[in-house]
Amino acid sequence: MTEPDTSSRWSGRRLRYVMGLFYVVAGVSHFRAPNAFKRVVPRRLPRPTALVYLSGVAEILLGVGVLFERTRRLSAWGIVALLVAVFPANVYTVTDDVAPELVPDRLNDVARLAAWVRLPMQAVLIGWAWLYTRPAEDDA
C-alpha cells in the first residue's frame with residue numbers, strides 16, 4: 001500500500017489559501033473603490049452600487065469559506081457560480097471599451113489588453129475553483 005503524497009496535498013492546500021486570499025482581497029476592493037466596479041456593471045442591470053457591494057460580500061465570504069475543509073466544496077461551487085455571474089460585466093468592459101476609463105490615459109492600451117485577457121482567464125479561474133469542489137480524498 002502506498003502512502004498518500006503529502007507534498008502534493010500540501011501544495012494543493014497552499015494554492016487553496018492563495019485562492020481564498022485572492023477572493024478576499026478582491027472582495028474588499030469592491031468596498032475601497034466601488035465607483036470603479038460600478039462602472040463595469042452593464043447598464044441594463046439595475047442598482048449597480050448594490051451589485052458591487054453584493055459581489056464584494058460574496059467574494060469575501062466565499063474566499064474565507066474555501067479555506068476551511070468543512071465549507072470548501074460549497075464555497076468553491078459558489079466561486080464558480082460567481083465567476084459565471086460576473087462574466088457579462090467582463091464582456092461589457094471589452095465591448096463598451098470601459099477599461100480605459102478606469103486608468104490614467106497613459107495606461108489605456110494596457111487596460112484594453114488586460115480586459116481582453118481577462119475573458120479567457122475567467123475559464124482558468126473557474127477551473128481552479130472547480131478543483132476544490134471534489135471530495136477531500138481528491139483534494140490535491
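I looked up Ser 55 first: its relative accessibility is 15%, so it counts as buried (buried is under 20% relative accessible area, exposed over 50%, partly exposed in between, with a 1.4 Å probe and protein chains only). This is a predicted model, where local features need pLDDT of at least 70 and side-chain atom pairs count only at pLDDT 80 or more, while totals for chains, interfaces and linings use all residues. Residues are numbered from 1 along each chain as its sequence is written, and side-chain values use heavy atoms, leaving out hydrogens and water.

Where does Ser 55 sit? I found it in helix α3, residues 48–65 (helices are DSSP runs of H or I, at least four residues; strands are runs of E, at least two; both are numbered from the N terminus).

Next I turned to α4. This helix covers residues 69–95, 27 residues in total. From first C-alpha to last it reaches 39 Å, close to the 39 Å expected at 1.5 Å a residue (the expected span is 1.5 Å times one less than the number of residues). I noted a bend of about 35 degrees at Val 86, with Pro 88 following within four residues (the bend is the angle between axes fitted to the seven residues ending there and the seven starting there). After α4 comes Asp 97, with a positive phi near 50 degrees.

Last, I checked the whole chain. I got five helices and zero strands, so the order from the N terminus is α-α-α-α-α. The chain has 140 residues, and 34% of them count as buried.
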